[in-house]
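Thanks, everyone. I'll keep this short. Here is the structure on screen.

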Amino acid sequence: MTTGITRREALKGLTTFAAAGLTSGVGLSFGQAGALSATTYPGAWEEAHRSILIPAFRRATNNAQVNLVASLAVDTVSKLVAAKANPPYDAIILDEGPFIAALQYDVFAPLPQDFCSAQIIGLAYNTEKIKTPPKSWNDLLSPQWKGRVGLSSMGSTLISAWMADIARINGGSEENMEPAFAYLKKLLPNVAAVAASPGALATLFQQGQIDLAPFYNNNAGDMQAKGVPIALTRPDTGWLVIRSTMHIVKNTKNADLAAAYINAALSPEVQQKMGDAPYLLAPTNAKVPYSPGLQQYAKDAAQLETYHGVDWAKLNPRRAEYIDRFNREVKV
């Protein structure tokens, strides 16, 4: 994982302002041709971006306006590909998988690749109803959890990554997901609902409709802050890590604002606040230490690098096929 320095230098050259302006609150002069259109993920990400990133961006850009759109990464890419000449967004956030898949479509401005944050996937459970924490993904198969397990759609990176991990654990891989679908077939009697997104999955926990689910650590932190009795446990096969990237969209009319927005996201100020409770998003800026809340999952970036990831180059060519099969078999 890189530190963000290379991309911040490129962004500085594009916007011609000092990175210090992002943390000092100094207003800078930007053309106000229109509001910046940026994407986020539904749920805790949207809350974090509205409460932390957007205020920092506006302080650095003489109160430039932002139209923030919650969107799954795969949907964001689809919309960009459909409207390349007149894109609906200026700055976007993508998980690794959709980002790699989108490279073939030439929808990004030519800037260095860099990660802006990382999330950790574990097994979430209701601490009031479940007194002994589950220890493995196989625990979800127990008949005692009939109608109590929640999933998100496989269009989400959360479940695509989880399915790839289930395949790996059971002798498969990103290119052989049969063991994951065999596991899913066993799990179906226990599945109460399939949410449209990880954010919607969090709502099911909040409403008491589910008690266990594959879950992001930042969603768990957000729910805990809202008083939801939820905890995230490490499966015996280890944590999963998912990284996100931010990009200026090719053909945007607001390139300077988009660069300022991403620069704000990479700044120590924003990364520190988003790494604190309740959001617990792992910072990628080397100047930002991991918060106490985040250290329950990883002590630092070096430890995070030891966790399981997904080989998206192998998964992506068949991901649409897997999503379609998931939708048929789970009846999304």
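Helix α13 gives the most to the lining of the largest pocket, with five residues. Keep in mind that this is a predicted model.

What is the volume of that largest pocket? About 290 Å³. Its lining counts 15 residues. Closest to the centre are Val74, Val77, Pro98, Ala101 and Tyr105.

Now the elements. Those giving two or more residues to the lining are α4, residues 73–82, α5, residues 96–102, and α13.

Next, helix packing. Two packed helices are described by the angle between their axes and the distance between the axes.

Stay with α13, which spans residues 312–330. Helix α7, residues 178–187, packs against α13. The angle is about 15°, and the axes lie 11 Å apart. An angle under 35 degrees counts as roughly parallel, so α7 and α13 are roughly parallel to each other.

Which hand does the crossing of α7 and α13 have, left or right? The crossing is right-handed.

Who makes the contact? From α7, it is Glu178, Phe181 and Leu184. From α13, it is Tyr322, Arg325, Phe326, Glu329 and Val330. By class, the contact residues of α7 with α13 are five nonpolar and three charged, with no polar ones.

To recap: α13 packs with α7, and α13 also gives five residues to the lining of the largest pocket.

Methods. Residues are numbered from 1 along each chain as its sequence is written. This is a predicted model: local features need pLDDT of at least 70, side-chain atom pairs count only at pLDDT 80 or more; totals for chains, interfaces and linings use all residues. Side-chain values use heavy atoms; hydrogens and water are left out. Axes are lines fitted to C-alpha atoms, for helices over the stretch in contact, and angles run from 0 to 180 degrees between N-to-C directions. Helices (H or I, at least four residues) and strands (E, at least two) are DSSP runs, numbered from the N terminus. Angles under 35 degrees count as roughly parallel, over 145 as roughly antiparallel, 65 to 115 as roughly perpendicular and the rest as oblique. A crossing is left-handed if the near helix is turned anticlockwise from the far one by less than a right angle, and right-handed if clockwise. Contact means heavy atoms within 4.5 Å. Ala, Val, Leu, Ile, Met, Phe, Trp, Tyr, Cys and Pro count as nonpolar, Asp, Glu, Lys and Arg as charged, and the others, Gly among them, as polar. On a 1 Å grid over the protein atoms alone, a cavity is a set of points where a 1.4 Å probe fits but cannot get out, and a pocket is an open set with protein on both sides within 12 Å along at least five of seven lines; lining residues have an atom within 4 Å of a point. Grid points are joined across faces, edges and corners, and a volume is the space filled by probe spheres set on the points.
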